[in-house]
Amino acid sequence: MAKIKFKLNDKTVELESDINRRLLDVLRDDFSLTGPKEGCGEGECGACAVLLNQKIVNSCCTPLANVDGQEIVTIEGFSKTKRYQIIKDAFSEMGGVQCGFCTPGMVIAAESLLNKNPHPTDQEIRIALSGNLCRCTGYNMIVKAIKKAAKDGEGLW
Amino acid sequence: MKDISKSINKVDNEEKISGSAKYTADIKIEGMLFAMTLRSSIRKGEIKNISYPDLPKGYYIIDYKDVQGKNVVKVIFDDMPIFTEKKISYLYEPIALVIGPDKQKIVEIIDMIEIEYKEEEPLLAWTDSVLDYHFDKGIGLKAFDEADKVITYDYQTGYQEQAYIETQGFIGYPEGEKTTLIGSIQCPYYVKNALIQALGEREENVRVIQSTVGGAFGGKEEFPSLMGCQLAVAVKKIKKPIQLIYEREEDMLVTTKRHPAKINFEAAIKDNKIYGLKAKVGIDAGATIGLSGVVLSRALLACTGAYTIDNLDISGNVYRTNTVPNGAFRGFGAPQMMFAIEMFVEHIAQDLNINPLEFRNSIVAKQNDLTSTSGIYRDPILMPEMIEKAIEVSNYLEKKKTYSNPNIYKGIGMSYFFHGCGFTGSGEKDTIKARVKLRKTKDNKAEILIAAVDMGQGVKTTFRKLVANILEIGIEDVIFNNPDTDFVPDSGPTVASRTMMIVGGLVARATREIKKRWHEKEFIVEKEYEQPEYIKYDEKTFKGDAYPAYSWGVNVVEVEVDKTTYQVKIVKTWSVYDGGKAIDERIVFGQADGGLAQGIGYGYLEVMNHKDGRIQQKNMTDYIIPTALDMCDMETYLYDNPYAYGPYGAKGVGELTLVGGAPAVAKAIENAINKRVYKIPVTPEYIMELIDNGKN
C-alpha cells in the first residue's frame with residue numbers, strides 16, 4: 001500500500017492503494033470510469049487504452065505505481081475536448097463504429113497519433129492502430145475516419 | 001419518399017464513441033458477488049469423488065445438485081449438461097460455480113477443491129459419427145457411370161475463434177420471485193427458454209435482458225445459454241446479484257468455435273464439364289452435438305457453391321470427439337464448403353486445361369436453375385454483371401496473367417459465392433414462428449418490440465430507420481430499446497442473416513398497419529411469420545426450397561508473398577454483393593468490410609488447433625486476428641436486386657460477406673506461388689511445404 005497522486009482527466013487525484021494494481025482496475029473500480037474496457041488483459045487488444053502524458057498506453061498492463069505524478073486522460077476526459085468532437089464526427093460519418101467495444105481505445109489511438117503527426121498517411125494510421133484490435137470493421141472505415149479527422153481538424157493538432 | 005439506402009449516422013454512435021455505453025462488465029449492482037467456474041482437468045472419464053473445502057461466510061459452491069429443473073442446456077440437440085454430474089467428455093468441462101465477494105478468495109477456494117477422477121483415453125479421431133445425412137439430385141451417383149473421367153481432391157479447414165473483443169458474460173439478480181439475467185447475448189429467448197427448463201420455473205418468473213453487446217459473430221448464439229443456466233441456478237439459490245464474466249483465456253479455451261471440416265469431392269467429368277458431383281463432408285462437433293447438425297446441413301446445401309451442377313450425391317457426418325464443443329459462427333458451415341468447392345472447381349479446370357474463369361462462368365447458377373436440393377432459384381441472379389464489375393475494378397485479368405510469372409510472388413484471386421438467407425428449410429415456419437409487436441404511443445411515436453439484438457451490425461439504426469421511413473416520421477420518434485423478454489415477443493434469434501429480411505419484413509408489415517390507424521390514440525399491432533406459399537421443403541429428404549431467398553457475391557483479393565519468409569501481405573480487396581436492397585448503405589459496407597476481414601483471416605492467418613484435446617491458443621497473443629496493418633483498403637460495390645418479401649427488398653448480408661474471403665485469398669496465394677492450395681489457413685509453414693513439394 002502506498003499513497004499515489006496523479007492527474008486524472010484534468011483533476012488531481014490521490015489514493016491509498018496497492019501499487020501493483022492495474023491502472024485499468026483503478027479507473028473502472030475506484031473512479032467508475034468504464035470507458036476503458038478489458039478485452040484481453042494482456043496488452044494485445046487496446047480496448048483499455050488511455051493517454052499517459054499524452055501518449056497511448058494499455059491500462060491493463062500499467063501498474064498503478066507507474067502513474068504516480070503523471071497525467072492520465074481517459075476517453076471520459078478526452079470527450080470534453082474539441083479534438084474529440086472532430087474525431088467523433090469523423091468516426092460517425094465514415095462508419096467507424098460497430099459493436100463499439102474497441103471504439104474508445106481507437107479514439108485514444110487516433111488522438112495519440114494525431115498529436116504527434118497531424119497529417120498521417122494511410123500506412124502511418126495503420127501502424128498507429130496496430131495495437132488496437134477490432135473484429136467488426138476490418139479497419140477500413142476507421143482508417144478513413146482518422147484521415148477525415150486529420151483533415152477536418154486542421155490546426156487543432 | 002427518400003431512398004432508404006441513403007446512409008444516416010448510427011443511433012448509438014455517441015454513446016459508443018464516448019465510452020458511456022454500458023456493456024455487461026460496466027454494470028454494477030450493490031452487493032454484487034462474483035462467480036468463477038470450476039472445470040475438469042481431464043479430457044475424458046468420470047468424477048469419482050469431489051471434496052469441497054469448508055467455505056468462509058458469504059461464499060458458495062453451486063453444482064448439479066442445485067439444478068431444480070433439467071440438468072441440460074436447451075439448444076437444438078440437448079446433450080450438454082449445465083454442470084456435469086460424473087461424466088467428463090472434454091477438458092475444462094464445467095463442474096461448479098464458486099461464488100463470493102472477492103475474486104482472489106474464489107481462486108483460492110477453487111485451488112483447494114480436490115477431485116478424484118477415473119481417467120479414460122480420450123477419443124480424438126473422427127470415428128464416432130453421431131449424425132449422418134445424405135441426399136442426391138438428378139441421377140445422383142449414376143452420373144459417374146457415364147463419366148469420361150473422375151477427378152477427386154480432399155480439402156480441409158481449421159477451427160476459427162469468433163474473437164469478439166468483449167468476452168462472454170452475464171449479471172444475474174433476483175427480482176422477488178423472478179430470476180433476471182442481463183448479458184452479452186444474441187438470442188434473448190434462447191437464454192430464456194433454456195432458463196425455464198433449467199430452473200423448472202414458470203415463464204413469468206424468468207427474465208432476460210440484453211446489455212450492449214461487444215461483438216458476437218455467432219459466438220453468443222447458443223453458448224450464453226450454458227453460462228446463463230449456471231448463473232440463474234446460482235441466483236435462484238443464493239438470492240443475491242452475481243456477475244459471471246469470462247477472462248479472455250477462459251473464453252478462448254472453453255467457448256464454441258467454428259467446426260473444423262474435411263471435405264472429399266469427386267467430379268464426374270463428361271464432355272469437359274462437371275456432369276456429377278459427389279461430396280463427403282465431415283465436421284468435428286467436439287464433445288456435444290448442440291447445433292452441429294444444422295451447421296452440417298448448411299454446409300451440405302452449399303455444396304455446389306455459386307454454380308449449378310445437375311447430378312449430386314452428397315453426404316455428411318458429424319463426429320463427436322473429446323474436445324471443446326463447436327458451435328455457431330457467422331456463415332455456419334458455409335465458409336468451410338465455399339472454400340472447398342471454389343478450390344475444387346478451379347482445380348478441375350486446371351486439370352482439364354480449360355481457362356478456369358471461362359469454366360466457372362459457364363456453370364454459374366442462373367434464375368430458374370435447380371438448387372442443390374432441387375428447389376428453384378426463383379429470383380434473378382446478377383452474377384454475370386457482378387463478375388464483370390469485379391474483374392473491371394480490380395484489373396483482374398491483367399494482374400492474373402502478370403502474376404503467373406513465378407518470380408513475382410504476387411497474386412490475385414477471385415471467389416464466387418452465395419448464402420441462403422434465413423433459417424434452413426422450414427425452420428422459420430415450424431421452429432421459430434417469429435412474432436413482432438409495434439406500439440403506437442399517445443404522443444405519436446412508434447415503439448418497436450422485437451427480440452433482435454444490436455451486436456454492432458446496426459439493428460437499432462436500420463430498424464428505426466425502416467419504421468420512420470414507412471411512417472414518414474423522424475427517426476427520433478421511433479423507439480427501440482435493448483430487448484427485454486418482459487416486454488418483447490419472441491421474434492427469434494439474431495442469427496442466420498434473418499434479422500432484416502424476416503423480422504424486418506414483419507416489422508414493415510406491422511408498420512404499414514399502424515400507418516393506416518395512425519389517428520388512433522394508442523394501440524399495439526402484432527404480426528406472426530407466414531411462410532411464402534411457394535416455399536416447400538422436406539427436411540428428411542433434403543428436397544425443395546431450402547431458403548426463401550439467396551444473396552450473392554464476388555470477392556477479389558490481391559496479395560504479395562514474401563520470397564524469404566512466405567509471409568502473406570493483403571494488398572487490396574474488391575467486392576461486389578447482391579444482398580437485396582440495402583436499408584442503409586454505409587451499414588452494409590461496414591458488414592462487407594468486417595465480414596471479408598474475418599473471411600480472409602480464416603483463409604490465411606487465424607490458426608487454432610488442439611493438441612491431444614487441449615486448445616493451443618489461449619489469448620489474443622497466440623490466436624492472431626487481422627490488425628489494421630494486416631488489412632488493407634477495401635472497395636465494395638452493391639447491386640440492388642430486391643427480394644419481394646424483404647422490407648423494401650432487403651435480403652441477408654451479415655454472413656454473405658464472410659463466406660467468400662477464404663477461397664479468394666487462397667486462390668490469390670495459389671496465383672502468387674504457382675502451387676495448389678488444399679487447406680486453410682494458408683500459413684507461411686504450409687506455403688513452404690507447397691513450394692517444396694506441392695502440385696503446380
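View 1. G474(B) is exposed, because 10 other C-beta atoms lie within 10 Å. The model is predicted: local features need pLDDT of at least 70 and side-chain atom pairs count only at pLDDT 80 or more, while totals for chains, interfaces and linings use all residues. Residues are numbered from 1 along each chain as its sequence is written, and chains are lettered from A and ligands numbered from 1 in the order in which they are written. G474(B) sits in the loop between α12 (459–471) and β19 (478–479) of chain B; helices (H or I, at least four residues) and strands (E, at least two) are DSSP runs, numbered from the N terminus. From the C-alpha atom of G474(B) to that of V607(B), 133 residues apart along the chain, the separation is 47 Å.

**View 2. Helix α3 of chain B and its cover.** Of the 12 residues of α3(B), 9 are buried, and the helix is mostly covered. Among the buried residues are Y190(B), V191(B), L195(B) and L199(B). Their cover includes β10 (178–183), β11 and α4 (223–238) of chain B. The end C-alpha atoms of α3(B) are 16 Å apart, which agrees with the 16 Å that its 12 residues should span at 1.5 Å a residue; the expected span is 1.5 Å times one less than the number of residues. Just after the helix, G200(B) takes a positive phi of about 60°.

**View 3. Domains 1 and 3 of chain B.** Chain B is assigned domain 1 (24–121 + 163–254), domain 2 (330–336 + 355–421 + 545–693) and domain 3 (427–528), with bounds that come from an automatic or database domain assignment. The centres of domain 1 and domain 3 of chain B, taken over C-alpha atoms, are separated by 32 Å. In the contact between them, 17 residues of domain 1 of chain B meet 13 residues of domain 3 of chain B; two residues are in contact if their C-beta atoms, placed from the backbone, lie within 7 Å. On the domain 1 side, α3 (188–199) and β11 (206–210) of chain B each supply at least two residues.

**View 4. An open sheet in chain B.** The sheet has 6 strands in the order β7-β15-β14-β13-β8-β28 (chain B), with mixed pairing. At its edges are β7 (129–137) and β28 (679–680) of chain B, each pairing on one side only. Strands pair if DSSP finds at least two bridges between them. Strands β8 (residues 149–157) and β13 (residues 261–270) of chain B run antiparallel and are joined by 9 bridges. Y155(B) has I263(B) in β13(B) as its bridge partner.

**View 5. The contact of chain A with chain B.** Here 41 residues of chain A are in contact with 42 residues of chain B. Elements of chain A that each supply at least two residues to the side touching chain B include α3 (82–94), α4 (103–116) and α6 (140–152). The most come from α3(A), with 4 residues.

**View 6. The two domains of chain A.** Chain A is divided into domain 1 (2–78) and domain 2 (82–152). Their C-alpha centres lie 21 Å apart. Domain 1 of chain A gives 17 residues to the contact and domain 2 of chain A gives 14 residues.

Technical notes
A residue is buried if 20 or more other C-beta atoms lie within 10 Å of its own, exposed if 12 or fewer, and partly exposed in between; C-beta atoms are placed from the backbone.
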